[in-house]
There are 2 protein chains.
Amino acid sequence: MTSQHSVVPAGPKRKFWGWGLANEGVSAAERKSLGAAVAGRYDGASLREVAPPEVSDFDLRPSRLAIPSTLRSIVTDDPEERLIHAYGKSFADCARMLMRHVPNPPDLIAYPRSEEDVSALLDWADGKNVAVIPFGGGSSVCGGVEPDVGDDYAGTLVIDMLAMNQILEIDKTSRAARFQAGIYGPQLEAGLKPHGLTLRHFPQSFEFSTLGGWIATRGGGHYASLYTHIDDFVEATRMITPQGLLETRRLPGSGAGPSADRMIIGSEGTLGLITEAWMRLQDRPTFRASAAVGFATMEKGAEAVRALSQSGLFPTNCRLIDAAEAKNSGAGDGTSALLVLGFESADHPLAPWMERALELVSDHGGIFDREAVNRSMQPKEAADEAAEHRQGAAGQWRNAFIRAPYYREVLVGLGIIVDTFETAITWDRFADFYKGVTGQMHDAIKRITGQEATVTCRFTHIYPDGPAPYFTFQVLGAEDGNLALMLERWREIKIAANAVVTDLGGTVTHHHAVGRDHRPGYETQTSQLFRETLAAAKHRLDPGGLLNPGVLIDPVGRAVGQSGILRKGN
Amino acid sequence: MTSQHSVVPAGPKRKFWGWGLANEGVSAAERKSLGAAVAGRYDGASLREVAPPEVSDFDLRPSRLAIPSTLRSIVTDDPEERLIHAYGKSFADCARMLMRHVPNPPDLIAYPRSEEDVSALLDWADGKNVAVIPFGGGSSVCGGVEPDVGDDYAGTLVIDMLAMNQILEIDKTSRAARFQAGIYGPQLEAGLKPHGLTLRHFPQSFEFSTLGGWIATRGGGHYASLYTHIDDFVEATRMITPQGLLETRRLPGSGAGPSADRMIIGSEGTLGLITEAWMRLQDRPTFRASAAVGFATMEKGAEAVRALSQSGLFPTNCRLIDAAEAKNSGAGDGTSALLVLGFESADHPLAPWMERALELVSDHGGIFDREAVNRSMQPKEAADEAAEHRQGAAGQWRNAFIRAPYYREVLVGLGIIVDTFETAITWDRFADFYKGVTGQMHDAIKRITGQEATVTCRFTHIYPDGPAPYFTFQVLGAEDGNLALMLERWREIKIAANAVVTDLGGTVTHHHAVGRDHRPGYETQTSQLFRETLAAAKHRLDPGGLLNPGVLIDPVGRAVGQSGILRKGN
């Protein structure tokens with residue numbers, strides 16, 4: 001018998017059924033405020049909250065795999081570990097945990113300490129026909145780490161990269177560093193800070209996701225323009241595959257053949273385990289400028305943002321929030337769209353950039369507080385700046401953004417469906433797309449649930465040729481704690497969202513990956529021939545089809561198909 | 001018998017043995033000036049110029065393939081057409097033409113008018129075991145279009161995309177357009193100009209290369225920073241493969257799986273024929289600012305450029321030229337390095353950008369003419385601006401840049417080796433790399449030729465993590481018109497350059513593609529496992545291994561190996 005203690009790396013315990021750490025979540029004050037908001041919104045509904053689960057609530061299927069004797073020091077079958085790695089962090093994942101519904105727990109969990117460990121694990125899995133699920137922070141919201149692989153495998157092994165979390169090298173001259181892939185966001189930034197450097201990749205999951213996960217899923221980050229995805233920061237990668245090491249060379253740029261890094265980026269654990277990466281960094285910004293700009297309508301705001309996106313000014317922040325979403329997040333009164341605009345630099349004062357940006361937004365009817373903009377550009381102490389960041393419309397919005405995953409835990413337990421989907425579309429089609437998606441999703445949700453829903457929108461990132469709109473919807477999913485009914489309705493809504501977004505010309509995901517839950521949309525938007533080509537490439541690296549079966553594509557010769565939550569009964 | 005006239009699209013005739021159009025080349029004045037320069041430089045050498053060839057000089061191997069009866073309207077075996085498509089435009093290609101040495105002419109040339117034509121050609125080739133060489137402008141300088149495919153094929157068919165050259169759609173709102181891939185640079189820009197748009201992709205080959213070629217080879221363009229490669233402008237692509245159409249969706253950004261476009265970009269004709277692309281465009285710039293900055297040494301200049309590259313200012317032009325190269329191109333006296341710095345915008349005056357850039361270069365010892373910089377920022381008539389562009393150090397340099405491929409024709413014929421190679425390296429290694437490459441290449445050339453060579457350097461593009469240095473070398477290759485000896489020496493130099501650049505950590509090519517001539521370096525810098533993965537992907541699209549065999553990688557099951565000029569005897 002293996003002691004769990006020696007296998008699982010030391011550190012705070014993760015919450016198996018929801019966001020963040022065990023014993024963390026919404027505060028009493030937050031719960032009260034949420035409760036009041038929900039009671040007001042769903043006045044008359046019979047809401048009953050399902051209590052958070054305990055490990056002892058679950059009668060897990062026994063592990064189908066014996067811990068290999070040579071890997072005892074890094075492999076465990078501890079029940080809580082199996083629960084922690086049973087799901088990602090999607091709405092449906094949280095709901096299923098609250099339902100105590102875990103039909104496909106992983107059989108074993110491994111914590112490799114080295115690339116040799118990773119290779120040994122893959123060798124063992126290959127010999128035993130064991131499916132392997134690479135695991136970073138486990139913050140997937142699209143079924144990317146779910147060990148539901150069908151009956152074709154002897155069992156499932158999750159490889160959690162948590163112990164491979166070191167900063168190996170810092171090159172201040174080129175502003176780059178080499179990291180192990182299992183490093184979490186806060187640890188990565190803490191290690192860079194003494195050197196005056198930062199990756200500045202701050203997804204909503206920042207605290208609870210890893211560099212390797214960001215790369216594997218093409219995560220989106222801090223910058224609204226220019227460096228929208230982690231893709232842009234990857235200088236070189238190392239990946240261990242069942243067929244050996246695949247390594248790329250550290251280069252600022254190259255034209256030598258199709259990019260190997262671009263094959264690895266977005267591979268979602270299907271080609272190998274990313275073990276290391278050289279990442280491009282930034283100097284820590286010392287100059288800032290920000291503005292909150294109001295627009296009569298989302299469409300008017302979008303015209304202004306289009307002008308900004310094509311101006312060559314490259315705002316760091318350019319978050320256009322429609323009236324309904326601004327109101328929901330406490331950043332507006334619901335009468336106007338809000339643009340949160342910001343610039344930052346470690347090199348130069350930003351007044352000329354902001355001045356030109358304000359001219360552009362004014363040209364499109366934007367209204368802003370000139371003095372607040374001026375204040376934002378004044379040099380200030382770090383502490384003052386932090387305080388200012390927490391205040392005002394932008395601060396309100398930011399706080400809601402960070403706390404949203406925690407709030408959702410409470411709402412799910414009450415039977416309320418609250419979820420998001422994000423996409424991208426060219427500017428020429430945006431107005432129709434926005435109208436089409438919000439309208440069609442509103443109608444679909446009403447048809448599915450019988451209830452009125454809110455469907456709101458913001459832009460997370462912008463490009464010269466189009467925005468990345470991010471939609472949030474909320475609806476009463478079911479009453480009296482009937483989470484099974486709620487989940488069935490969520491499933492139908494998710495399938496509708498896949499179809500609406502891709503039928504109207506968008507991508508099924510701008511920065512949340514494909515996983516299992518976006519496969520229907522992915523198959524609409526890509527050529528089958530490309531997916532088969534990707535499968536052929538995978539087959540060279542993973543001939544046994546062991547790696548993350550069911551995610552993105554099916555392995556050659558294995559019909560995993562639509563596994564995960566979108567399959568009825570899961 | 002097919003009439004060549006009806007098969008070959010109307011238009012100016014291309015020069016089969018050198019750069020540009022038939023009957024174009026260096027002017028009498030240029031020839032005189034070149035002659036004087038050469039005589040001065042190689043004083044005492046016995047130079048004898050080999051005369052340009054005529055079609056009638058060649059006794060080509062008869063075509064091994066009969067023109068298929070169903071494809072008579074688009075296929076020809078005309079001898080001049082076979083010569084036009086026998087080589088690209090590298091130094092060695094020109095030398096071999098002057099030597100009247102064409103052992104591997106293509107058997108047939110096709111000019112498809114439609115995607116259906118392309119499919120029909122691929123079907124026919126598949127049935128006959130015919131190797132297919134996709135051909136854009138044919139300006140490859142790395143053996144990318146050479147029909148030297150070994151003995152494993154029944155013959156070779158070049159598919160020239162010249163007739164598929166239309167602008168199909170312009171989306172001014174998103175600033176994008178859909179083009180057929182065979183469109184040449186000038187035609188593309190002329191079609192956009194009335195709409196106030198521009199692709200701004202101006203490689204040295206601009207006049208004589210195509211959009212499809214730029215995409216297939218990851219061509220480098222106009223912008224020194226930010227948009228360095230054509231990659232950054234590709235919004236979506238269509239490619240016809242032997243297994244059918246592979247099409248990507250028009251999206252400003254996406255995180256859905258590994259990028260299909262990034263597999264197509266850089267595939268160098270080995271995966272299929274790119275037939276169309278949606279490209280991201282720019283508004284035509286109306287604001288400009290430029291400066292010519294002198295530095296005591298290349299290393300000092302590089303420090304300034306590093307600061308610029310990491311400033312977030314994103315200069316459009318940032319060409320650092322070492323003292324020797326500045327002198328050779330008539331833009332300096334050989335005592336100092338020269339930085340040609342420029343900004344352009346369609347949106348805003350550039351004084352704040354330029355002011356900060358000048359602070360940075362001053363901090364690193366750069367010297368510039370303040371009044372000239374001020375003049376560069378004054379609004380001016382287009383005609384004045386064009387005149388100014390032709391004058392001064394920058395203008396001198398630009399003229400030399402455009403005319404260089406023509407000058408080379410004359411020099412090759414005199415037995416002088418003049419060639420370039422370009423790479424990229426991170427900043428932390430740049431100083432050693434620059435010293436290492438120039439020193440080792442100087443020594444290698446001396447060992448190979450017994451002559452003193454010049455090896456000079458400039459930066460073509462810059463990144464926050466490193467520059468893309470571009471090296472030019474010149475040496476007396478052989479006397480008395482002994483081009484065979486010159487070519488053998490060139491071959492050894494090319495092999496040395498592959499090794500030196502990649503052994504010192506660089507990429508074998510920053511924007512000239514791999515083709516055949518960079519395969520040794522490509523195999524040093526990439527994982528074999530990646531190349532095999534790429535071959536597996538290719539095998540799905542091109543199971544017969546018909547497409548551009550010998551370029552980039554070998555098709556699965558076909559041992560083409562190092563074909564082209566690097567194989568002795570070619």
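## Burial and overall form of chain A

Of the 570 residues in chain A, 58% count as buried, meaning that 20 or more other C-beta atoms, placed from the backbone, lie within 10 Å of the residue's own. This is a predicted model, where local features need pLDDT of at least 70, side-chain atom pairs count only at pLDDT 80 or more, and totals for chains, interfaces and linings use all residues. Residues are numbered from 1 along each chain as its sequence is written, while chains are lettered from A and ligands numbered from 1 in the order in which they are written.

Chain A holds 18 helices and 18 strands, counted as DSSP runs (H or I, at least four residues; E, at least two).

## A sheet in chain B

Over in chain B, five strands make an open antiparallel sheet in the order 5-6-10-8-9; strands pair if DSSP finds at least two bridges between them. Strand 5 (167-171) and strand 9 (244-247) of chain B sit at the edges, each pairing on one side only.

Strand 8 (residues 234-241) of chain B runs antiparallel to strand 9 of chain B, and four bridges join them. Within strand 9 of chain B, L246(B) is what M239(B) stands opposite.

Notes: A residue is buried if 20 or more other C-beta atoms lie within 10 Å of its own, exposed if 12 or fewer, and partly exposed in between; C-beta atoms are placed from the backbone.
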